[in-house]
Amino acid sequence: MGNVNQKPQPNSQTLQQIEEEESASSTFTCEICIEPVTLPNKKFRNSNRCVHPFCTDCMIKYIQVKLEDNVSDIKCPALTCDHSLEPLSCRPKIAHQLFDKWCDVLCESAVLGLDRVYCPNRDCSALVINECGGEGNLKRCVCPNCKKAFCFRCKVPWHAGYRCEESGEMRDRNDIAFGVLSERNQWMRCPMCRHCVELVKGCAIVKCRCGIEFCYKCGKKVDHHWCNCRRSSTFCMWIFHLCIVILVLWPFFLLFTAITRKGHH
């Protein structure tokens with residue numbers, strides 16, 4: 001509903017005078033529905049902020065329309081009034097479901113701009129906020145309300161052992177159990193064929209049955225049996241390359257030394 005024309009709003013000093021005038025009159029005309037309304041208990045009051053000739057039924061409908069548009073800060077419908085409706089003062093006049101929705105809209109507006117998601121559990125649907133930072137990096141989290149794990153990135157129940165890109169695929173009970181087992185044992189998937197590989201011991205660079213070599217620590221495909229996921233690996237790679245260069249140049253160095261000595265003789 002839009003704003004309606006209204007006389008200048010009363011200040012706190014004139015509220016008592018308005019109440020005395022209302023007690024002398026048994027009816028008033030609602031300026032929203034333009035219908036005569038019988039006093040008392042029908043005139044809407046916005047706590048001690050403002051008083052206008054609006055009936056309670058029209059104000060309830062006005063609040064409901066605003067909440068359907070996800071408006072959290074509901075202004076008084078009087079054209080010349082800048083006050084906002086106070087939810088606690090409106091609580092005795094509106095339905096419990098409408099008040100709960102008002103609280104939800106206020107909560108959503110308070111966290112607007114934050115990384116948030118609703119719990120995918122149908123029996124919960126609680127609002128969960130990312131308090132860890134790193135927007136887009138958070139994946140597995142546990143709902144503080146229902147205590148069930150879900151994926152914060154793809155907003156579905158936790159897909160143990162599977163990537164977010166694979167979470168939408170239909171799986172049977174065995175696939176889900178295998179995913180939980182692979183996550184518990186920290187098995188790594190091949191980046192090419194996506195088969196699980198278990199490293200018992202030895203080098204972190206493993207070779208899948210499809211022929212691809214990958215790092216068991218970061219899961220990335222590697223070349224020349226080296227991975228840059230750790231500084232130690234990078235250092236070893238440079239030492240390895242340096243040794244190769246020395247081995248290749250060493251015969252030429254010996255040959256050059258022998259020729260030089262022979263020339264001196």
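Predicted model: local features only at pLDDT ≥ 70, side-chain atom pairs only at ≥ 80, totals over all residues.

Student: OK, how many cavities of 30 Å³ or more does a search of the whole structure find?

Tutor: The search of the whole structure finds one cavity of 30 Å³ or more, and the volume of the largest cavity is about 50 Å³.

Student: Which residues line the largest cavity?

Tutor: Its lining includes Phe-44, Arg-45, Asn-46, Cys-50, Val-51 and His-52, and also Phe-54, Met-59, Cys-76 and Leu-85. Strand 3 (43–46) and strand 4 (50–55) each supply at least two residues of that lining, and strand 4 gives the most, with four residues.

Student: And the largest pocket, what volume does that have?

Tutor: The largest pocket has a volume of about 480 Å³. It is lined by 17 residues, and those nearest its centre are Lys-139, Gly-161, Tyr-162, Trp-187 and Met-188. The elements giving two or more residues to the lining of this pocket are helix 5 and strand 10 (188–189).

Student: Since helix 5 came up, how far apart are its end C-alpha atoms?

Tutor: The end C-alpha atoms of helix 5 (residues 173–184) are 17 Å apart, which agrees with the 16 Å that its 12 residues should span at 1.5 Å a residue. Just after helix 5, Gln-186 takes a positive phi of about 60°.

Student: Switching to helix 4, which of its residues are buried?

Tutor: With buried meaning under 20% relative accessible area, the buried residues of helix 4 are Leu-98, Phe-99, Trp-102 and Val-105. They lie on the same side of helix 4, because the arc they cover around the axis is only 115°. As a general point, an α-helix has 3.6 residues a turn, so residues three or four places apart point the same way.

Student: What covers those buried residues, and what sits on the face turned away?

Tutor: The cover over the buried residues of helix 4 includes helix 2 (56–68) and helix 3 (87–90), while the face turned away from the buried side carries the exposed residues His-96, Gln-97 and Ala-110.

Student: Last one, which residues does the "transmembrane region" annotation cover?

Tutor: The unreviewed UniProt entry places that annotation on residues 238–259. In the model this span is 100% helix and 0% strand, with its end C-alpha atoms 31 Å apart.

Terms used. Residues numbered from 1 in each chain as written. Heavy atoms only, no water. UniProt positions renumbered as here; feature names shortened; annotations may be inferred. Buried < 20%, exposed > 50% of the residue type's maximum accessible area, 1.4 Å probe, protein only. Arc of directions from axis to C-beta. Contact = heavy atoms within 4.5 Å. Expected span 1.5 Å × (residues − 1). 1 Å grid on protein atoms, 1.4 Å probe; cavity = no way out; pocket = protein on both sides within 12 Å on 5 of 7 lines; lining within 4 Å. Points joined across faces, edges and corners; volume = space filled by probe spheres on them.
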